[in-house]
Each structure stands twice: as structure tokens, then as C-alpha cells.
Amino acid sequence: MTGVRAGRPASPALRVRPRRELRRQRRRRSHSCWDHLIAAPLWPLHGANLGTLLRTCDAVGACLAVPRLPWVPEALRRGNTLRHPACVHWVGDPVSWLERRRAEGGRVVGVELAENAVRLADLPPARTRTVAVLGHEQYGIPAEALDLLDAVEIPMVGTGHSLNVAVAGSLVLYKLAGLV
């Protein structure tokens, strides 16, 4: 006989791991800056997406790079549900910052619908310092930044033009971290 969980029969092969087991397997403290994988929503529109991306960065061991806009610190504070401080890089001019990352030998990928874009499924895990650039939710990545990056496309079969920035960023970060 199978057990019942929340009014539904439980699968005998499925075992939900208890929180204490999960805590033993994960880091006890937040990671310091590894400067390996950086999510960069450099032209944000909605503050709620920054908190979601911050949690994804913690989950995959990445840092978050955000612009120095007046409303961004409050959006991060409000959206941060982590118990420990997260690694945040503050960016003055996004294009200059991306130019420096590329000049330092880092890989810069941008989530954008573009010709010759790499499909997300074909994106290899990050083996060198990699910045994942996310554009504005309505306008995408500005033209002056497009030449600084390699485009990654998230295939879609529906009628929408793009995904929410936090969702797109999370998909790309998990792929770059080699976790999916």
C-alpha cells in the first residue's frame, strides 16, 4: 500500500528530501566573489527581477552585476530573501564595464534574439570568467553593447517575443554553471 501525502497517493519510488538533509549538502555561508560567473542585468526595468536573479546567483555560485541607478539598492534589499550577503558588483557605465571584461579575456554572452545566436541547449558550461548580459525587458540589449557579446537565444514556440528577464537569466545561469 502506498502512503498518502496532501490527499494524493505518494509514489513509493519518490522520496522528498527533508530540509536538514539539504542543509548538510549546501554551503553554510555565502560564497565570496569567485569572479567566474556573473549575471549582468545592466538595463533593468523591474526591481523584482533583481531579487529573483540574486537568489539564482546564490544557487549556482554566481555574482550579480547591476548598474548604479538610484532605485537598484532598494530593489535588491527588498528582493533579497537570502540569509547571507550576496556578491554584487556595482557598474557605472555598462558598455565600458563590458569592454573591460572582454579586454581582460572574459567571455561575454548576451541573451538576445540575433542572427547566428547559439541556442541555449548548445551553450557550453563556463570554463573561463563569463558574464551573462541581460537587456531591458522591452528594448533588449542596446546596439552599442551588441558587438561586445556572443548572442545566446532561448528558443520559444509560443507567441511571446521574450521571457521575463529573471526567468531568462536563471535558465542561462544554470546552463553556464553546468547544472542542467
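This is a predicted model: local features need pLDDT of at least 70, side-chain atom pairs count only at pLDDT 80 or more; totals for chains, interfaces and linings use all residues.
**View 1. Volume and residue classes of the second largest pocket.** The volume of the second largest pocket is about 330 Å³. Its lining comprises 11 nonpolar residues, together with six polar and three charged ones.

**View 2. The second largest cavity and its lining.** Two cavities of 30 Å³ or more are found when the whole structure is searched. The second largest cavity has a volume of about 40 Å³. Its lining is formed by P41, W43, P44, L45, H46, N49, L50, L53, G135, E137 and V165. Helix 2 (residues 47–60) supplies the largest share of this lining, with three residues. Classified by residue type, the lining of the second largest cavity has seven nonpolar, three polar and one charged residues.

View 3. Six helices and nine strands are present in the chain. Of its 180 residues, 41% are buried. The accessible surface of the chain amounts to about 11000 Å², and carbon and sulfur atoms account for 52% of that surface. Among contacts between residues at least 6 apart in sequence, 74% join residues at least 24 apart.

Technical notes:
Residues are numbered from 1 along each chain as its sequence is written. Side-chain values use heavy atoms; hydrogens and water are left out. On a 1 Å grid over the protein atoms alone, a cavity is a set of points where a 1.4 Å probe fits but cannot get out, and a pocket is an open set with protein on both sides within 12 Å along at least five of seven lines; lining residues have an atom within 4 Å of a point. Grid points are joined across faces, edges and corners, and a volume is the space filled by probe spheres set on the points. Ala, Val, Leu, Ile, Met, Phe, Trp, Tyr, Cys and Pro count as nonpolar, Asp, Glu, Lys and Arg as charged, and the others, Gly among them, as polar. Helices (H or I, at least four residues) and strands (E, at least two) are DSSP runs, numbered from the N terminus. Buried means under 20% relative accessible area, exposed over 50%, partly exposed in between (1.4 Å probe, protein chains only). Contact means heavy atoms within 4.5 Å. Accessible areas come from the Shrake-Rupley method with a 1.4 Å probe; for residues, only the protein chains shown count as cover.
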